[in-house]
Amino acid sequence: MTEALSQAQRPQSAAVDACDRHYFEALTQGRFEIPKCRDCQKFHFFPRVCCPHCGSQALDWITPSGKGTIYSLTIVRAREGGDYTVVLVDLDEGPRLMSRVVGMPVDNVRIGMQVEARIDTTDEGPLLVFAATKERS
Ligand SMILES: [Zn+2]
């Protein structure tokens with residue numbers, strides 16, 4: 001059973017890897033890009049071989065506005081290195097992605113907060129993170 005499952009998943013994996021590679025290579029070059037479908041004009045994330053909305057394979061890589069809204073929030077109380085957040089962000093373009101919020105105390109992060117994407121460099125390579133949008137107060 002397990003073997004059959006892994007067999008079934010195998011044919012797509014190379015193409016999926018190629019999608020992931022494009023995403024991370026763009027990040028390395030300082031670009032945040034997500035796939036947009038040429039047929040239905042919708043964005044999606046994580047990158048896939050075909051559009052999850054309509055099945056089209058006509059996908060372009062587009063830099064989104066980076067603006068989004070926090071949909072859900074978890075605070076991870078780390079033993080070392082400080083607490084951090086794990087959030088799901090709804091991008092203005094539609095896709096929901098997992099990230100973390102930086103640049104403010106974790107206890108100030110709120111669901112519904114407006115945030116903006118940026119790319120941080122970490123020991124493990126580039127990481128897409130979000131910071132609170134500067135608001136007119
Ligand atoms: Zn589509």
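## Model and confidence

The structure is a predicted model, in which local features need pLDDT of at least 70, side-chain atom pairs count only at pLDDT 80 or more, and totals for chains, interfaces and linings use all residues. Residues are numbered from 1 along each chain as its sequence is written.

The mean pLDDT of the chain is 89. This score is the predictor's confidence in each residue, from 0 to 100. A value of 70 or more is reached by 89% of the residues. Residues 5-10 stay under 50, and the model gives them zero contacts beyond four places in sequence. Two residues are in contact if their C-beta atoms, placed from the backbone, lie within 7 Å. Where pLDDT is low, the predicted coordinates should not be read in detail.

## Overall layout

The chain holds one helix and eight strands. Both kinds of element are DSSP runs, numbered from the N terminus: helices are H or I with at least four residues, strands are E with at least two. From the N terminus, the order is α-β-β-β-β-β-β-β-β.

Of the 137 residues, 14% count as buried. A residue is buried if 20 or more other C-beta atoms lie within 10 Å of its own, exposed if 12 or fewer, and partly exposed in between; the C-beta atoms are placed from the backbone. Among contacts with a separation of 6 or more, 45% come from residues 24 or more positions apart.

## The strand pair S1 and S2

Strand S1 covers residues 34-37. Strand S2 covers residues 59-62 and pairs with S1 in the antiparallel sense over four bridges. Two strands pair if DSSP finds at least two bridges between them. Ile 34 has Ile 62 in S2 as its bridge partner.

## The six-stranded sheet

An open sheet of six strands runs in the order S5-S4-S3-S7-S8-S6, with mixed pairing. Its edge strands are S5 (96-99) and S6 (101-102), each pairing on one side only.

S4 and S5 are antiparallel, with four bridges. Here Asp 90 stands opposite Arg 96 in S5. Their hairpin has four residues between the strands, and Gly 94 takes a positive phi near 125° there. Strand S3 (residues 67-76) pairs with S7 over three bridges, again in the antiparallel sense. Lys 67 stands opposite Glu 116 in S7.

Strand S7 (residues 114-122) and strand S8 (residues 125-132) run antiparallel and are joined by eight bridges. They form a hairpin with two residues between them. Ala 117 has Phe 130 in S8 as its bridge partner. Thr 122 has Gly 125 in S8 as its partner.

## The nonpolar core

Which residues make up the largest nonpolar core? There are nine in all: Ile 70, Val 87, Val 89, Leu 91, Val 101, Val 109, Val 115, Val 129 and Phe 130. S4 and S8 are the elements that give two or more residues to this core. The largest share, three residues, comes from S4. A nonpolar core is a set of buried Ala, Val, Leu, Ile, Met, Phe, Trp, Tyr and Cys residues joined through C-beta atoms within 7 Å.

Val 101 belongs to this core. Beyond four places in sequence, Val 101 touches Thr 85, Val 87, Val 109, Val 115, Phe 130 and Ala 131.

Thr 85 lies in strand S4 (residues 84-91). Why does Thr 85 count as buried? Thr 85 counts as buried because it has 20 C-beta neighbours inside 10 Å. Not counting residues up to four places away, Thr 85 touches Leu 73, Thr 74, Ile 75, Arg 100, Val 101, Val 106 and Val 109. Its C-alpha atom is separated by 9.6 Å from that of Pro 105, 20 residues apart along the chain.

Val 109 is found in the loop between S6 and S7. Val 109 counts as buried because it has 21 C-beta neighbours inside 10 Å. Leaving aside neighbours within four places, Val 109 is in contact with Ile 70, Leu 73, Thr 85, Val 101 and Met 104. Val 109 and Ile 70 are 39 residues apart along the chain, with C-alpha atoms separated by 8.9 Å.
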